[in-house]
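I set out below what I looked up in this structure.

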Amino acid sequence: MRRAQFLASAASTALLLAITATSATAETPAPTTSPGPSSSASAPAASPATLTVVKHKKKVTGFTKFTYQTGKVSGIDPKAAAKINKVIAQDVNRTMLDSMHAKNYMCSMGLKDCGYFVQTLQAPACKAGNVCITAPSSLLPQGSNTGYSWVDTWVFDASTGAKKQLKEFVTTSQEASFLTAVKAGITAQLAKGGITNDPNWKPFVKMKDVYEWLPSADGLHIYFAKYDVAPGSFGVVSVDVPWSAFQ
C-alpha cells in the first residue's frame, strides 16, 4: 500500500495518532552535509553534488517526538540544483503535513503524547550522471508495531535537474525480466525471515508497484514500504536487482 493510502486510511480506522494542535517549528540552525553520488570505475565522472541537511523538531499534540529534515543540493549547475531543491521541499512538506493529519488514534493508559514521527534525508551513491536522495521515515505509536515505515526516493538528472522515471532505466521489453528479478529478491527476503510457500505473501508485483527505487553502479535498488510485500515485522523490504538481470 502506498504511503498516501495508508495515511488516509489511518484517519478513519483509528490506527495512528490523535493530533489536535501544533506549535511553531523549532529549527536547529547548524546544517550537516551528505556526500553526493559516486561513480563506478568504468562510468564517467559522477556529479559533485552534496546535500546539506537541516534538522527540525515540532511540538505536536499526540506525539512524543516529531522530527524531520529539510535539505538542499549544491555543487552542480545552480538552475539544476534549484529544480531539485524545489521538488525535495514540496515532497518533504507534503509528507510532514500528511503525518500530522493522520488522526484518531487514542493513546493508551491515559497518555497525552504517545507517538513518533521521524524522517531523515540522505544522499546515497548512485549511477553516474544522477543525483539520488532518500528519506527514510517512520510513523508509529509508542510501544506498538502497528505503525508505518517507508523510504521516499528521488532520482534527478545531475545536469538538468529533471526528475527521472523508472522507464528511463527499464524499457518496456525489459519489464518481464526485471519483475522476475524483483520477485526473486522479495522471495529471498521472505525466506530469510522464515516465510516460504506462504500463499498470503506471494510476490505479485507489477511495474506500478515499484515506485521507490534508486539506480546504482551495479543495478537498481528497490524499496518496499512496511506491509507492502511482507509482514509488518519485516519493516521496509529492500531488493537489489543487478543490471545483468534484465539488460
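**Entry 1: K58**

I looked up K58 and found that it is buried, with a relative accessible area of 14%; buried means under 20% relative accessible area, exposed over 50% and partly exposed in between, with a 1.4 Å probe and protein chains only. I was working on a predicted model, in which local features need pLDDT of at least 70, side-chain atom pairs count only at pLDDT 80 or more, and totals for chains, interfaces and linings use all residues. Residues are numbered from 1 along each chain as its sequence is written, and side-chain values use heavy atoms, with hydrogens and water left out.

I located K58 in the loop between β3 (50-57) and β4 (63-74); strands are DSSP runs of E of at least two residues, helices runs of H or I of at least four, both numbered from the N terminus. Between the C-alpha atoms of K58 and Y68, which lie 10 residues apart along the chain, I noted a separation of 8.5 Å.

**Entry 2: aromatic rings**

I counted 8 aromatic pairs in the structure. The ring centres of F63 and F66 are 5.1 Å apart and their planes stand at 85°, so I recorded this pair as edge-to-face. Rings of Phe, Tyr and Trp (its six-membered ring) pair if their centres lie within 6.5 Å; planes under 30 degrees apart count as stacked, over 60 as edge-to-face and the rest as tilted. F63 and F66 are both buried. I also found one aromatic cluster, formed by F169, F178, W213, W243 and F246.

**Entry 3: helix α3**

I listed the buried residues of α3 as F178, L179, A181, V182, G185, I186 and L190. After α3 comes G194, with a positive phi near 85°.
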